[in-house]
Amino acid sequence: EEINDNAQKVSDLLDEVSAASQEQSQGIEQINRAITQMEQVVQETAATAEESSAASEELTAQAESMKEVVKLLTAMVKGVKSINADTSASLITGKKHSPRQLTARKPVGSTSRNTKIVNPEEVIPLEDDLSVF
């Protein structure tokens with residue numbers, strides 16, 4: 001009878017160990033799922049950060065381009081001398097030039113070796129056109 005009681009206690013203990021092992025297994029599965037979800041969130045966050053960085057770089061490049069366009073527009077409205085001639089030359093041609101190269105091209109058939117710097121007012125009439133603004 002004593003052996004049967006002890007055997008029953010051992011059996012009960014084994015059942016408890018088995019139940020605890022199943023609970024641990026379920027807990028480990030839940031932890032694995034949570035880690036997988038966290039990895040996905042981290043990957044999504046990293047991808048979003050990378051996209052934001054690329055967008056930021058693009059906006060920076062566009063802002064620099066806009067600054068160059070504004071400089072060119074300023075040169076056209078106020079004259080080439082109003083901004084750095086090298087900057088305007090690079091804006092016009094995409095290359096670095098000296099200020100001497102910012103001169104008007106000679107008309108076809110012209111024999112004069114002297115070239116003239118052209119001011120925008122000579123090409124674009126701006127008398128009273130802006131008064132409506």
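**Entry 1**

I started at Glu68, which is partly exposed at a relative accessible area of 25% (buried is under 20%, exposed over 50%, partly exposed in between, with a 1.4 Å probe and protein chains only). The model is predicted, with local features needing pLDDT of at least 70 and side-chain atom pairs pLDDT 80 or more, while totals for chains, interfaces and linings use all residues. Residues are numbered from 1 along each chain as its sequence is written, and side-chain values use heavy atoms, without hydrogens and water.

I then looked up what Glu68 pairs with. Lys71 forms a salt bridge with Glu68, with 4.0 Å between the closest N and O atoms (a side-chain nitrogen of Lys or Arg within 4 Å of a carboxyl oxygen of Asp or Glu). Lys71 is partly exposed too, at 33% relative accessibility. Both residues lie in helix H1, 3 residues apart, about one turn of the helix (helices are DSSP runs of H or I with at least four residues, strands are runs of E with at least two, and numbering starts from the N terminus).

**Entry 2: the other salt bridge**

How many salt bridges does the rule give? I noted a count of 2. Lys67 and Glu64 also meet through their side chains, at 3.6 Å from N to O. I found this pair in H1, residues 2-78, again 3 residues apart. Lys67 has 44% relative accessibility and counts as partly exposed; Glu64, at 39%, is partly exposed as well. An α-helix has 3.6 residues a turn, so residues three or four places apart point the same way.

**Entry 3: helix H1 along its length**

I checked the span of H1 against its residue count. Its 77 residues should span 114 Å, and the end C-alpha atoms are 111 Å apart, which agrees (the expected span is 1.5 Å times one less than the number of residues). Just after H1, I noted Gly79 with a positive phi of about 110°.

I also looked for nonpolar surface. Ile31, Ile35 and Met38 form a nonpolar patch with about 290 Å² of accessible area together. Ile35 is in helix H1 and counts as partly exposed, at 38% relative accessibility.

**Entry 4: the whole chain**

I counted 3 helices and 0 strands, in the order α-α-α from the N terminus. The chain has 133 residues, of which 8% are buried. Its accessible surface is about 11500 Å², and carbon and sulfur atoms hold 55% of that (Shrake-Rupley method, 1.4 Å probe; for residues, only the protein chains shown count as cover). Of the contacts between residues at least 6 apart in sequence, 20% join residues at least 24 apart (contact means heavy atoms within 4.5 Å).

**Entry 5: confidence**

Which helix has the lowest confidence, and which the highest? I found the lowest in H2, residues 85-93, at a mean of 51, and the highest in H1, at 94. The chain averages a pLDDT of 77, and 59% of the residues score at least 70 (pLDDT is the predictor's confidence in each residue, from 0 to 100). Over residues 96-111 the pLDDT stays under 50, and the model has 21 contacts beyond four places in sequence for that stretch. Where pLDDT is low, the predicted coordinates should not be read in detail.

How values were computed: Patch = residues over 30% accessible without salt bridge, like charges linked within 9 Å, V, L, I, M, F, W, Y side chains within 5 Å.
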